[in-house]
Structure formats: structure tokens, C-alpha cells
Amino acid sequence: MRIEIEVEARRRVPPDDSATSSHPAATAVPVPVGAFEPPYYAAVFTTVRTRDQDGYRETDARLAELVRDIPGYLGMDHAQTPGGLGITVSYFRDADALTRWRSDAEHRAAQRRGRAEWYESYTLHVAKVERSHGFSR
């Protein structure tokens with residue numbers, strides 16, 4: 001059996017990261033968020049979107065700006081299939097940073113709108129990262 005998935009990947013970086021964003025508009029070659037010194041936390045948000053995406057891009061861009069102000073936010077990786085399956089992994093230094101993001105008022109409002117309009121379904125998995133390494137040519 002052979003399974004192929006086509007995705008668009010982009011990287012969102014915190015404001016103090018000196019690397020260039022790999023958002024498709026910025027570069028043709030996406031770069032994953034680098035490995036951090038463990039422990040830290042990863043929030044894995046997997047979604048299937050509805051056809052109604054009115055206002056989604058603007059809200060997504062606003063949340064990408066907003067999360068950068070959360071102390072302990074480390075970065076974000078995202079991949080999206082043309083069919084609407086999305087996987088976003090957000091990285092946080094500690095559980096307190098993740099809690100601050102989860103309880104942010106604008107983020108909570110976007111979550112409510114997402115359930116009402118943009119997502120057919122989603123899952124959220126939060127994990128404590130105990131090992132991390134990377135490779136870059």
C-alpha cells in the first residue's frame with residue numbers, strides 16, 4: 001500500500017529568533033523549528049476544516065502575532081493538506097507558558113469561533129518533550 005500526502009509547511013518563529021520565517025511568502029524552502037533543550041512542552045493541534053473559512057486567515061495571522069508575546073513561547077510548525085487536514089505544533093518552555101496561551105482572551109474567542117465555523121473536527125495533544133535533537137545541512 002502506498003499513501004501520499006501533499007502538504008504546505010510553514011514556520012512561525014518567536015520575535016527574538018534571528019532566523020528568517022519560512023512562511024511560503026517568505027521563502028520556498030520551509031524550515032522546522034529547531035530543537036530546544038528539554039524539557040519543554042509541545043501542543044499538537046490537528047484539524048479538519050469546514051468549507052466556510054470566512055475570517056480564518058485574519059484570525060490565524062492575529063493569533064500568530066499574539067502568541068509571540070507569551071513569555072516562554074518557543075515557536076510553531078504547521079502543515080496543511082489541500083483537502084483541509086492541518087497539523088500545528090506549538091512549543092512552550094514550560095506548562096505555565098502553555099496555560100497563559102490557553103487562557104488568553106483573544107485566543108479563547110478564536111477557539112469558540114473555530115468550533116462554530118472553521119473546524120469540522122480537531123484534536124489537541126499536549127506532551128512534555130524529554131528528548132530533542134535536529135539536523136540541518
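Analyst: Glu65 pairs with Arg62 in a salt bridge, and their closest N and O atoms are 3.7 Å apart. By salt bridge I mean a side-chain nitrogen of Lys or Arg within 4 Å of a carboxyl oxygen of Asp or Glu. Before we go on, this is a predicted model: local features need pLDDT of at least 70, side-chain atom pairs count only at pLDDT 80 or more, and totals for chains, interfaces and linings use all residues. Residues are numbered from 1 along each chain as its sequence is written, and side-chain values use heavy atoms, with hydrogens and water left out.

User: Fine. How are Glu65 and Arg62 placed in helix α1?

Analyst: They sit 3 residues apart in α1, which spans residues 56-67, so about one helical turn separates them. Helices here are DSSP runs of H or I with at least four residues, strands are runs of E with at least two, and both are numbered from the N terminus.

User: What else does Arg62 form a salt bridge with?

Analyst: Glu106, with the closest N and O atoms 2.8 Å apart. That pair links distant parts of the chain, since Arg62 is in α1 and Glu106 is in α3 (residues 105-118), 44 residues apart. Glu106 is partly exposed too, with a relative accessible area of 36%. Put together, Arg62, Glu65 and Glu106 make up a network of salt bridges.

User: How many salt bridges does the structure hold?

Analyst: There are 3. One of them joins the side chains of Glu117 and Arg113, at 3.1 Å from N to O. Both of those residues lie in α3, 4 residues apart, or about one turn of the helix. Glu117 is partly exposed at 27% relative accessibility, and Arg113 is partly exposed at 29%.

User: Back to the two helices. How do the axes of α1 and α3 cross?

Analyst: The axes come within 11 Å and cross at roughly 155°. Axes are lines fitted to C-alpha atoms, for helices over the stretch in contact, and angles run from 0 to 180 degrees between N-to-C directions. That makes α1 roughly antiparallel to α3; angles over 145 degrees count as roughly antiparallel, under 35 as roughly parallel, 65 to 115 as roughly perpendicular and the rest as oblique.

User: Which residues of α1 and α3 make the contact?

Analyst: From α1, they are Tyr56, Thr59, Arg62, Leu63 and Leu66, and from α3, Glu106, His107, Ala110, Arg113 and Trp118. Contact means heavy atoms within 4.5 Å.

User: New topic, the prolines. What is the peptide bond from Pro38 to Pro39 like?

Analyst: That bond is cis, with omega near 0°. Pro39 lies in the loop between β1 (8-12) and β2 (40-49), and Pro39 is partly exposed at 45% relative accessibility.

User: What does Pro39 touch?

Analyst: Not counting residues up to four places away in sequence, Pro39 touches Arg93, Lys128 and Val129. Pro39 and Arg93 are 54 residues apart along the chain, with their C-alpha atoms separated by 7.5 Å.

User: And where does Lys128 lie?

Analyst: In strand β5, residues 119-129. Besides Pro39, Lys128 touches Tyr40 and Tyr41, again not counting residues up to four places away in sequence. The C-alpha atoms of Lys128 and Tyr41 are 4.5 Å apart, although the two residues are 87 apart in sequence. Lys128 is partly exposed, with a relative accessible area of 47%.

User: Last one: what order do the elements run in from the N terminus?

Analyst: The order is β-β-α-β-β-α-α-β, for 3 helices and 5 strands. Buried residues make up 34% of the 137 in the protein chain. Among contacts with a separation of 6 or more, 72% come from residues 24 or more positions apart.

Conventions. Buried < 20%, exposed > 50% of the residue type's maximum accessible area, 1.4 Å probe, protein only.
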